[in-house]
Amino acid sequence: MPLAYSLPSDLSPATVTNTSSLLRIIALALISGAAIASRLFAVVNFESIIHEFDPWFNYRATKVLAEKGFYAFWNWFDHTAWYPLGRVVGGTIYPGLMATSGVIYNVLHALNLPVDIRNICVLLAPGFSALTAWSTYMFTKELKDESAGLLAAAFIGIAPGYISRSVAGSYDNEAIAIFLLMFTFYSWIKALKTGSAFFGTLTALFYFYMVAAWGGYAFITNMIPLHALTLILMGRFSSRLYVAYSSWYAIGTLASMQVPFVGFQPVRTSEHMAALGVFGLLQIVAFAELVRAHVSSRQFQSILFGSVIVIGVLGVLAFAGLTYKGWIAPWTGRFYSLWDTGYAKKYIPIIASVSEHQPTAWPSFFMDLQFLIFLFPAGVILCFRELRDEHVFVIIYAVVASYFAGVMVRLMLTLTPVVCVAAAVAFSSLLDTYIDPVEPEVSEVAVPVTGGDSSAASPATVDGAVSSKKAKKAAAAVADASSTGIASGIVAAIGGQSKSPKARGIFGLDTRFLIVVNALGMLLFFVLHCTYVTSSAYSSPSVVLASQNPDGSQHIIDDFREAYYWLRQNTPQDAVVMSWWDYGYQIAGMADRPTLVDNNTWNNTHIATVGKAMSSPEEVAYPILRKHDVDYVLIIFGGLIGYSGDDINKFLWMVRIAQGVWPDEIQEPNYFTPKGEYRIDDAASPTMKNSLMYKMSYYRFAELFGGSQAVDRVRGQQVPKTGPTLDYLDEAFTSENWIVRIYQVKKEDLLGRDLKTANAFANGKKRKKSKPLARRKALA
Amino acid sequence: MPAAKIAPSKTAGSSQSPLLSLWKAYYESTSTRLKTIDAFLVFLMLSGIIQFLYCVLITNFPFNAFLAGFASCVGQFVLAASLRAQVNPANRSEFKDVSPERAFADFALGSIVLHFFVYNFLG
Amino acid sequence: MRFLRTLLFPLVALTSLALARSSTGDTVLVLLEPSLKKENFSIFFGDLEKKGYKLTFRSPKDTTPEIIKDDVAQFAHVVVFAPETKTFAGDITPQTLVSLLSKKTNLLLALSPKQTPLSSLAAEFTLILPPPGTPLISHFPKRDTPATVVPVEPPRAHHIISDGLAPVWFSGVPQALGNSPMLVPLLQAPPQAFASDADSDSGADALVEAAEKSGEGLWAGSSLSLVTGFQALSNARATWVGGIEIFSDEYINKEISKGVKSGNRQFVKDVAAWTFQEANVLRIDTVEHHRVNETLPRETYTINNQVTYTAYISQYDPELDLWEPYSGINDLQLEFTMLDPHIRTSLPPVAGEPGKYSVSFRVPDRHGVFKFNVDYKRKGWSYLSSTTVVPIVPPRHDEYPRFLSAAWPYYAGAFSTSAAFLLFVALWLAGDEREPKKGKGSKAE
């Protein structure tokens, strides 16, 4: 066989195997290192701090677990959250993340390595991202081979779509959930391929871990049954499928009910009915196969076939009927809004108001995935060519994940693994073809050879001396011809049959060189893009803001922590703080004070009460504040430095949510000008000007400008010169850039007057003379 | 799940009832091992049906205990059925990687894990 | 604590026979305007000094001694006998007088028919004064004194004013009472009295018209109060007296009828005793809460627990200068509140244990952060309020009943499955030895 370039021929197969294993291990270690390192930008630029909002709650819960032990954590009733309702934390969280950190903490302490719990929490996500890379490698290895696996591991190690939720400091459920997702899928594929109940049990155990870790476990709950159903419909039912699915479902569902938050949902809600339905269908099909093998008559077989279909349809109708009757709960709002995208805005404004739940814009696909996004369809098509059971799975996963990623920005995260896998398959196939040194015979059958090894993502030099297992593989390749039998490049591969007697291939080194160098260049650009996006867009702690001074040096804006620590050090331990629910977890975590509402958003009426207090005049809001024992009110105001994520911009959502519960008292149109504009200057509507939020935001704001016109930099409007006055609240603290403002609620007046007249008296105003009260007229 | 062999044609033109002949064919053609598994399967099915009827007819309180008991029957049933499929010599071609010993080990491991979860959920 | 008290009782009784002390302090600042002479009020001041108060006199226009220095009140009580002063010194303004109340200083203020800063301050206490220059006038009973000097019957069966007093001579402005529940009227005007600017009854028609119009604008009748007490939320007391003469020696010695002295002396003593926190002063010593069968309090309680709440209340005894346990409150209430009271029950005194009020109840079936709330406000008595916050948690996961009898089929099912599994394994392994080996003989478990 002519070769484009010569391969060393004096290597024994054992050496080849060992060297390739060593190279793979080194490659995986380097990929893990790259994955961990690229997530550490925030720690290097700022400090080791928990980011955003949700992770602060997870961090508090982990601290309780680490300090007080598992029993206290399991039964933890947080009486400082959702004051005065409290929150039963033990039954309303996914404990997987905290349990993982707790175990790591205890293990390290048992080894006498006193690592602080905060550092464990901050660095957990990068650590698990290395494990995600490894499990993606294992998964892709089942699809194609080790080289595709390494590519996939590299891609997912640095792809921004995954990094965005797993930087150091982002201590959220997704940090471990994606690893569990990939590993569960890997063991499912393994179980399907081998038909071993061991892998089925392993899938069930990791599925249980995933259920304990993330609410998105419903994705696995529906993906695996969908895959099984597709295989059955394709006529690929086999005992291996039966063994794998049954052992997974039986053990996995029972295990998932152990998590208190999930409880009985797996047998009661629509999201889990698909798995149950497919389970039942599988039993019926298996039984039908068993009976069919005993009986040989065709007639009976067709009757059997028909009865299976009838039972299947009856089962679906039964599910629909039970759902209609209410025994099976319908799809919850969070999942239903994926199907009906307009549903949340009308009925559940809290879900609609979260910025992560908005539909995905096209540029964010490119930002998160760069060139993977156009390799992805190529990889899926290659899966169609192979179409083993595992390829069917990847195809289904790709289609479903693409739809979801288009509906909600947050679900880009579930798309990223399958994009990396499919793109790796495509890219690896390309490299295989062009690195393969075999040139086509002019008159002989070209034996497709699988080559390619260690084409790692690190921009290494062109590794021409690939040692391949070609000696062994050539014999097995005939049987395995479908794997990489592309004999003449990607374009021809789509339609070409590998066993054509015509000679097809690539001649010469120049083509090979060009393509391989181009491919490596694209990989290099990918790395540069990922690093750039990670460092600029996804590594901000969002607790600390950074901007640039005129001379280019970094200027840190630390108002949030300044205010939270003021609260922590200057208020009594049990002082209750009211703020909008975005900041609840941060206040609880950093200021350590009871809050009224927080990011858990489980009680809409309580949030609406806070919204009503914020949007009502002082006299109406004061009784609400006193009833809830509120001592301090905290708002975010970005008008001075131009921080656009402040409460005045969120104010309409507060009004809408309050209006949902009190439509008679709060109407959204009242807060707009008669022309329908949202203004905060002189033209603002009276309801807007009297609302507590407006008064608290602009109290004494005009004084800053010392006589000249005060301008709100976010809204771009001019604030009236005479600012609002506050009678029922006292200003307690304003941070350096006026981002956080804290007000203290006044207690009842000493003499029993209402606070407005009490304030007027304190300022020296005299009351009007009044007359004695009327009494009843005496009857004559 | 294909059975061991096609039943010998005792059913054709026999005066015995088809069920009885089916039973005879089954009894003779399956090995002891498979029959043990089948007996186990039948017992589990009965136990599951009894529990389900109790739940539906009498009371479904406490629901978690019902789920645990019922799931233990169902789970054990599918594990045993999987074992039967894997051990059946006619399926050797499908289960290349799983020898009968490995199948039994898998079965035992799966059952132990299942029982662990059952007892955790029961009380 | 109570044991010590019984020891101290005879000791203190011996040393302080005639002394009646205030519970908040002895120092009194008297702002006496220059036109009034101290000797004209010698009986009143003498009675105060005999009780043990230390009086300091100051003219309203002087700047020392200061009422408030460095944001600390310098005196326990302030008497403002400046009914006609139009300008005060810089540190005495209506706002500082109100702030004195917040610093728990008691006030005794005298008004006059003239318009002074004190008249505008009275409006803050929801006292509605008649127009300037209209003192109280009564033409009945027939007497020698002018119409502006009115004998008033003191209230009967009043918990502040002693019983059985002779009528009290009064001259000054009446006050119409506003809506505030903190007002404690101490001396009501006689039904025939009214406020008018002259003896000649020239404005009688206007009065009659106002009476027809359901009393708007009418300062007349027994709904007027002449001496009004006010207890602020800080428990500081302020008493407004319509005229200064009620304290004077002349009125104290004036005879109501032949041989019967007026009741002024004892009346003003009672008024001063109430104002200076001697009489009707209560406090909550301590509160306790615990589960019914335990004695120590817990940080949290579980739903449906039986909980006992106990409050210890004492009353100040001015003669002994002691706080003695007081069981005389029959209508004390306890609220167990989370946003709204979930439980509202009476807190009765425990028979046999003076000063102890206790109740046991079942915690509601709702978890959350609850408060034990005692809020007792009665006219003339100190306000009692106590709030104790306690979280109520749901049962721990191992506090539920472990084995439910209704679940026996499921227990039987699970156990039988396990037993059958073990039996099956045994049979399998035993059977394997009999059957010819197909492969390896070793079994992995």
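**Exercise 1. In which sense do strand 5 and strand 6 of chain C pair, and how does their sheet continue?**

Step 1. Strand 5 (residues 77–81) and strand 6 (residues 106–110) of chain C run parallel to one another, joined over four bridges. The model is a predicted one.

Step 2. In this pairing, H77(C) lies opposite N106(C) of strand 6 of chain C.

Step 3. Both strands belong to an open sheet of seven strands in chain C, with the order 2-1-5-6-15-14-12 and mixed pairing. Strand 2 (54–58) and strand 12 (183–188) of chain C are at the edges; each has a single partner strand, so one side of each lacks a neighbour in the sheet. From one strand to the next, the twist averages 15°.

Step 4. Helix 2 (residues 42–51) of chain C packs on the sheet, in contact with strand 1 (27–32), strand 2, strand 5 and strand 6 of chain C. The direction of helix 2 of chain C makes about 140° with that of strand 2 of chain C. Helix 4 (residues 117–124) of chain C also packs on the sheet, where it touches strand 5, strand 6 and strand 15 (237–241) of chain C. Its direction makes about 125° with that of strand 15 of chain C.

**Exercise 2. Decide whether Q175(C) is buried or exposed, and state what its side chain contacts.**

Step 1. Locate the residue: Q175(C) sits in the loop between strand 10 (168–170) and strand 11 (176–177) of chain C.

Step 2. Apply the cut-off: buried means under 20% relative accessible area. Q175(C) has 0% relative accessibility and therefore counts as buried.

Step 3. List the surroundings: residues touched by Q175(C) include L111(C), L127(C), I128(C), L129(C), W240(C) and V241(C).

Step 4. Look for polar partners: the side chain of Q175(C) makes a polar contact with the side chain of T228(C), at 2.5 Å.

**Exercise 3. Explain why helix 27 of chain A is described as largely enclosed.**

Step 1. Helix 27 of chain A spans residues 584–591, and eight of the eight are buried, so the rest of the structure largely encloses it. Among the buried residues are Y585(A), I587(A) and M590(A).

Step 2. The cover over these buried residues includes helix 3 (54–68), strand 2 (87–88), helix 26 (559–570), strand 5 (576–578) and strand 6 (630–636) of chain A.

Step 3. After helix 27 of chain A comes D592(A), with a positive phi near 60°.

**Exercise 4. Into which domains is chain C divided?**

Step 1. The domains of chain C are domain 1 (2–275), domain 2 (282–393) and domain 3 (405–432).

Step 2. Taken over C-alpha atoms, the centres of domain 2 and domain 3 of chain C are separated by 57 Å.

Key
Residues are numbered from 1 along each chain as its sequence is written. Chains are lettered from A and ligands numbered from 1 in the order in which they are written. This is a predicted model: local features need pLDDT of at least 70, side-chain atom pairs count only at pLDDT 80 or more; totals for chains, interfaces and linings use all residues. Side-chain values use heavy atoms; hydrogens and water are left out. Helices (H or I, at least four residues) and strands (E, at least two) are DSSP runs, numbered from the N terminus. Buried means under 20% relative accessible area, exposed over 50%, partly exposed in between (1.4 Å probe, protein chains only). A polar contact is a pair of N or O atoms within 3.5 Å; within protein, one must be able to donate a hydrogen and the other to accept it, and residues adjacent in sequence count only if both atoms are side-chain atoms. Contact means heavy atoms within 4.5 Å. Two strands pair if DSSP finds at least two bridges between them. Axes are lines fitted to C-alpha atoms, for helices over the stretch in contact, and angles run from 0 to 180 degrees between N-to-C directions. Domain bounds come from an automatic or database domain assignment. Lists of a residue's contacts leave out its neighbours within four places in sequence.
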